[in-house]
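Here is a short note for a colleague who is new to this structure. Please read the points beside the model.

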Amino acid sequence: MYNKKELLNKEIQHIDIKAHNVVKLVDSMQNMAFSARALNRAANIYNLMLEDKDCTIILTLAGSLFSAGLKKVVYDLVNNNMVDAIVSTGAIMVDQDFFEALGFKHYIGTQFIDDNKLRELNIDRIYDTYIDEDELRICDDTTAEIFNGLDPRPYSSRELLWEFGRYLESKGGPKVDDSVIYSAYKKNVPIFVPAFSDCSAGFGIVMHQHENPEKHVSFDSGKDFLELTKIKMASKETGIFMIGGGVPKNFTQDIVVAADILEENAPMHKYAVQITVADERDGALSGSTLKEASSWGKVETSYEQMVYSEATIAMPLIAGYGYHKGAWRNRDKKEFQNLFTQEKVHL
Ligand SMILES: NC(=O)c1ccc[n+]([C@@H]2O[C@H](COP(=O)([O-])OP(=O)(O)OC[C@H]3O[C@@H](n4cnc5c(N)ncnc54)[C@H](O)[C@@H]3O)[C@@H](O)[C@H]2O)c1
């Protein structure tokens, strides 16, 4: 019926926020109602974060965002000093970003297809997107190759993703010009993946530890939390731009409590925006409101906004608004990777 080449023939194209000036569109949503007005307010809060010279901006990412065409949005945020640290899932950073940096693609597909046929062809499906499973295996193997080349000890995910950037450099750079891992490596923007085993790097670490039972690289999630808390403690104010929910959302909100434990009276996150499809009816973390987070002492209530939307629609509008308003041109670079340089003794 179909062959693999026919099914994997149309690449997902990442949207370019620079190419679309959305300022007038988003401004006009201010005088509408419902989700449009919420999105307008969220875009303005993100812009306040960019204008506030004391504000460290932390971006959190969950869901299958980069396979869906949002990778270049995050690349542009990193490349234009519009974000100071990222907390993500492993799927986004490794299975999707690093995967594409190795030269592999995501493809436009459909959910109206026989999944048994896809299985036979080694094609994985994410809703209406296809991935070549054989290429994903190469990505898994590459992470094992990176772990095999490191000193055996526990690492934070930030250290390891920095090593992924260094690996790409050693190979002459990424195969694409919009790699988030590589841009963050060059711009000293730290990336954290608190559940690092739960992705392609998980297969790599299983291979690496199986082959090196005595001495090996391991993931230190406690170190992740301490390092991100140190970023909070080194910042006068913080703002969080959250896409989806999951572990990255809670992890980033919790650094306020951790900083408060380590030094008294740590300020809450001053600004917070979340785009999510989850809502309060779920009774779950991904849809818990930012107002609720303030009861936990994590988020101030003056500048917070939930946007109930699927991220491929709302994120380019909010990020594009910040980009075209241009406040990033006057921001100092925070380069928080340098906070941890003394720990890079193994390099
Ligand atoms: N295809 C994949 O996404 C994939 C692949 C391999 C491994 N994993 C792993 O699964 C684990 C869980 O991933 P997760 O935290 O992303 O879980 P998730 O995909 O369930 O996302 C968490 C929540 O974020 C919100 N969300 C997700 N996508 C959204 C969107 N497009 N728009 C708006 N809101 C959205 C939803 O409320 C969702 O419940 C991670 O460790 C990840 O590495 C995921």
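1. A residue counts as near a molecule or strand if one of its heavy atoms lies within 4 Å of it. By that rule, 20 residues surround the ligand, and the closest are Gly63, Asp198, Gly245, Glu310 and Ala311.

2. A note on the source. This is a predicted model: local features need pLDDT of at least 70, side-chain atom pairs count only at pLDDT 80 or more, and totals for chains, interfaces and linings use all residues. Residues are numbered from 1 along each chain as its sequence is written, and side-chain values use heavy atoms, with hydrogens and water left out.

3. Which atoms of glycine 63 and aspartate 198 lie by an oxygen atom of the ligand? For glycine 63, a polar backbone atom is 2.5 Å from a ligand oxygen. For aspartate 198, a polar side-chain atom lies 2.7 Å from a ligand oxygen. The ligand alone exposes 820 Å², and the protein buries 67% of that (Shrake-Rupley method, 1.4 Å probe).

4. Now helix H8, residues 157-170. Helices are DSSP runs (H or I, at least four residues), numbered from the N terminus. Eleven of the 14 residues of H8 are buried, so the helix is largely enclosed by the rest of the structure. Buried means under 20% relative accessible area, exposed over 50%, and partly exposed in between (1.4 Å probe, protein chains only). Among the buried residues of H8 are Trp162, Phe164 and Tyr167.

5. Just after H8, glycine 172 has a positive phi of about 90 degrees.

6. Methionine 233 lies in helix H11. Methionine 233 counts as partly exposed because its relative accessibility is 31%.

How values were computed
Helix = DSSP H or I, 4+ residues; strand = E, 2+ residues; numbered from the N terminus. Expected span 1.5 Å × (residues − 1). Polar contact = N/O pair within 3.5 Å; in protein donor to acceptor, adjacent residues only side chain to side chain.
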